[in-house]
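Please read the numbered points alongside the sequence and the structure.

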Amino acid sequence: MKRLAPGLVRLTNELNGCRRCDLWRAATQAVPGEGAPRASMMLVGEQPGDQEDLAGEPFVGPAGRVLDDALALAGIPRSAVFVTNAVKHFKHEMRGKRRLHKRPDAGEIEACRFWLESEIDLVAPKVIVALGATAAGAVLGRPVPVMASRGRVLKRGDAKVAVTIHPSYVLRQREPQFRAEWSGRLSEDLRKASRLAEPC
Ligand code: URA
């Protein structure tokens, strides 16, 4: 169920009319961020997937289940964080009846930055966790190498920024052992990031 503060409600209403790029045309709806309105930690993904597009909520499909498991293992209630995406409409191509995820391009990410910036301003998180390269680039405004940035504390204005893998990276691992390892690393990265939000 969605929990939104008044500023975020207004943003969601405006977001639904967004025509800043063409992605709205093939999407069911825009998917705004969701979670604790003044969360100290914000998680940013790439863009909604097929199930998120239908539900209107971020990270509720397979990648969302990986994220939920990693959060649970880290002892972080999902209800305590704010979860959003760099791009708010589902970009895809049709393959038969299936809608296959397509990476947003630089223009679409740039067009959508307005909404991400607005969410960051409204939630004012102490820590932003960028899940994957698209999120890291959108949050920091420059290309960011994910693997080399894991474990580092970056800055964006007053907020600290941690970069980690996207949950779908875990899903792409074919070997169960590698899946388990990357799921554990994602969880550990989230746990370390949540520590950054604690008072010194
Ligand atoms: N992948 C994302 O980056 N975000 C979602 O909301 C779902 C899948």
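At what angle do the axes of helix α3 and helix α8 cross? The points below begin with that pair; the model is a predicted one.

1. Helix α3 spans residues 62-74 and helix α8 spans residues 176-196. Their axes come within 8 Å and cross at roughly 55 degrees. Because of this angle, α3 is oblique to α8. The crossing of the two helices is right-handed.

2. On the α3 side, the contact is made by Val66, Leu67, Ala70, Leu71, Leu73 and Ala74. Helix α8 contributes Ser183, Leu186, Ser187, Leu190 and Arg191. Sorted by class, the contact of α3 with α8 has eight nonpolar residues, two polar and one charged.

3. The largest nonpolar core has 55 residues. Those touching the most other members are Met41, Leu43, Val44, Leu67, Val129, Val163 and Leu190. Of these, Leu67 and Leu190 also take part in the contact between α3 and α8. As a general matter, nonpolar side chains tend to be buried together in soluble globular proteins.

4. Leaving aside residues up to four places away in sequence, Val163 touches Ala130, Ala136, Val144, Val146, Ser149, Arg150, Gly151 and Leu154.

5. Is Gly33 buried or exposed? Gly33 lies in the loop between α1 (6-16) and β1 (34-35). Its relative accessible area is 3%, which is under the 20% cut-off, so Gly33 counts as buried. The C-alpha atoms of Gly33 and Leu116 are separated by 8.7 Å, while the two residues are 83 residues apart along the chain.

How values were computed. Residues numbered from 1 in each chain as written. Predicted model: local features only at pLDDT ≥ 70, side-chain atom pairs only at ≥ 80, totals over all residues. Heavy atoms only, no water. Axes fitted to C-alpha atoms, helices over the stretch in contact; angles between N-to-C directions. Helix = DSSP H or I, 4+ residues; strand = E, 2+ residues; numbered from the N terminus. Parallel < 35°, antiparallel > 145°, perpendicular 65-115°, else oblique. Left-handed = near helix turned anticlockwise from the far one by under 90°. Contact = heavy atoms within 4.5 Å. Nonpolar A, V, L, I, M, F, W, Y, C, P; charged D, E, K, R; others polar. Buried < 20%, exposed > 50% of the residue type's maximum accessible area, 1.4 Å probe, protein only. Core = buried A, V, L, I, M, F, W, Y, C linked by side-chain atoms within 4.5 Å.
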